[in-house]
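Welcome! Take a moment to look over the sequence and the model below, and then let us walk through them together.

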Amino acid sequence: MSVQTARMNRQAIEVTTLDDVQPDWPFWLTRPPAERLEALELLRQIHYGYDPATERLQRIPELVEHL
């Protein structure tokens, strides 16, 4: 899943006070590790931004022959 394909289920949103907030870690403990990592990567992309152009090498590697 990427930032471009991620969708939010707006029917699942619940407005509460800070006193009524339930922790979500019990839910994530029931999910497989691969799904947890995928969700973590999605949050990273949302927070820091995602630009496919920056995923490439910064420089072009050169082969140097030693004499």
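Accessible areas here come from the Shrake-Rupley method with a 1.4 Å probe. On that basis, the chain exposes about 7,100 Å², and carbon and sulfur atoms supply 58% of this area. Please keep in mind as you read that this is a predicted model.

How many helices and strands are in the chain? The chain has 2 helices and 0 strands. Of its 67 residues, buried ones make up 4%.

Is Met 8 buried or exposed? Its relative accessibility is 53%, and exposed means over 50%, so Met 8 counts as exposed.

Next, look for rings. The structure holds 1 aromatic pair. Phe 27 and Trp 28 form this pair, and their arrangement is edge-to-face. The ring centres are 5.0 Å apart, with 75° between the planes; planes over 60 degrees apart count as edge-to-face, which is why the pair gets that name. Phe 27 is partly exposed, with a relative accessible area of 45%, and Trp 28 is partly exposed too, at 29%.

Now for the charged side chains. Side chains of opposite charge can pair when their charged atoms come close. How many salt bridges does the count come to? The count comes to 2 salt bridges.

One of them joins Arg 31 and Glu 35, with the closest N and O atoms 3.0 Å apart. A salt bridge needs a side-chain nitrogen of Lys or Arg within 4 Å of a carboxyl oxygen of Asp or Glu, so this pair qualifies. Arg 31 has a relative accessible area of 28%, which makes it partly exposed. Glu 35 is partly exposed as well, with a value of 31%.

The other links Glu 41 with Arg 44, and here the closest N and O atoms are 2.6 Å apart. Where do Glu 41 and Arg 44 lie? Both are in helix H2 (residues 33-48), 3 residues apart, which is about one turn of the helix. Glu 41 is partly exposed, at 31% relative accessible area, and Arg 44 is partly exposed, at 35%.

How values were computed:
Residues numbered from 1 in each chain as written. Predicted model: local features only at pLDDT ≥ 70, side-chain atom pairs only at ≥ 80, totals over all residues. Heavy atoms only, no water. Helix = DSSP H or I, 4+ residues; strand = E, 2+ residues; numbered from the N terminus. Buried < 20%, exposed > 50% of the residue type's maximum accessible area, 1.4 Å probe, protein only. Phe/Tyr/Trp six-rings, centres within 6.5 Å; stacked < 30°, edge-to-face > 60°.
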